[in-house]
Amino acid sequence: MRLDIVTIFPEYFAPLDVSLLGKARRRGDVDVHVHDLRGWAHDRHRTVDDTPYGGGPGMVMKPEPWGEALDAVVPPPSSARLVVPTPSGRPFTQELAVEYAAEPWLVFACGRYEGIDARVIEDARERMPVDEVSIGDYVLAGGEVAVLVIVEAVSRLLPGVLGNADSVTDDSFAPGRMEALLEGPVYTKPATWRGRDVPDVLMSGNHGAIARWRRDQALRRTAARRPELIGRNPLDEADRRALAE
Ligand SMILES: COc1cc(COC(=O)c2cn[nH]c2)cc(-c2cccnc2)c1
């Protein structure tokens, strides 16, 4: 997979060498290229923003540098999938992460200020798929952190990046599973820590009972923290009992 990232803060992406992605890069599974948008701002001050038409606070990113940058990074007629993190985007979900993990080429546009001139997205849509995605209902100063989130969620799904392949299919939001339950509590050695014991069932070796206990914990946690997700899961009698207790 090739990833291109266009930003006015290329240094934001130094962490990509140390995270999960570092391994994937060294293995050659991912090829990351970071580009400084100012490279396509030709005035003396390398200006990338200007005041918004119609007035209002803040600044808007100018279309010309973006147009030239995207033409250079994705030379026509080639096509990549353009991902633009923005508070006004559609929700970035595990399902979309799985979709992105299957893409050969993703290009990320990091917006700053109040956003990017809308014509940049319109122009790009004429020659590549463009997704405006939100990683959450809050406003960041720029898209860089959102790109790090998306790139990490996607790269961990790439074959071989995670040590244990199972842990990806067991993800609570993995679309492969019939459900979207939150992860329940997890434990490791020591068996007793500060006077607190690991639940006996997990020490029992009874894999049926362990699976039941884990599902009950996930159901209860989901009902308590994300009740809106419960309805997405087919519940059997045992599930309903667990929720009723
Ligand atoms: C591309 O246009 C953008 C991008 C971003 C950075 O992304 C996020 O904030 C985000 C991404 N998922 N969740 C939040 C911020 C704005 C913006 C809008 C209004 C006022 N101030 C800033 C516009």
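Is R212 buried, partly exposed or exposed? I looked it up in this predicted model. R212 has 27% relative accessibility, so R212 counts as partly exposed.

Next I checked its partner. The side chains of R212 and D239 form a salt bridge, 2.7 Å from N to O. This pair links distant parts of the chain: R212 sits in helix α7 (residues 207–225) and D239 in helix α9 (residues 237–244), 27 residues apart. D239 has a relative accessible area of 1%; under 20% is the cut-off, so D239 is buried.

Then I turned to the sheet. I found 5 strands in an open sheet with parallel pairing, ordered β2-β1-β6-β5-β7. β2 (31–36) and β7 (130–134) each have a single partner strand, so one side of each has no neighbour in the sheet. On average, neighbouring strands are turned by 30° against each other, direction ignored.

β5 (residues 81–91) runs parallel to β7, joined by 6 bridges. L82 stands opposite V130 in β7. Helix α4 (residues 118–125) packs on the sheet and touches β5 and β7, at about 135° to the direction of β7. Helix α3 (residues 94–101) lies across β5, β6 (105–109) and β7, and runs at about 170° to β5.

Back to charges. I count 17 salt bridges. E132 and R125 make one of them at 3.2 Å, N to O. E132 is partly exposed at 30% relative accessibility, and R125 is partly exposed at 43%. I also noted E228 with R226, at 2.6 Å, N to O.

Notes: Residues are numbered from 1 along each chain as its sequence is written. This is a predicted model: local features need pLDDT of at least 70, side-chain atom pairs count only at pLDDT 80 or more; totals for chains, interfaces and linings use all residues. Side-chain values use heavy atoms; hydrogens and water are left out. Two strands pair if DSSP finds at least two bridges between them. Helices (H or I, at least four residues) and strands (E, at least two) are DSSP runs, numbered from the N terminus. Axes are lines fitted to C-alpha atoms, for helices over the stretch in contact, and angles run from 0 to 180 degrees between N-to-C directions. Contact means heavy atoms within 4.5 Å. A salt bridge is a side-chain nitrogen of Lys or Arg within 4 Å of a carboxyl oxygen of Asp or Glu. Buried means under 20% relative accessible area, exposed over 50%, partly exposed in between (1.4 Å probe, protein chains only).
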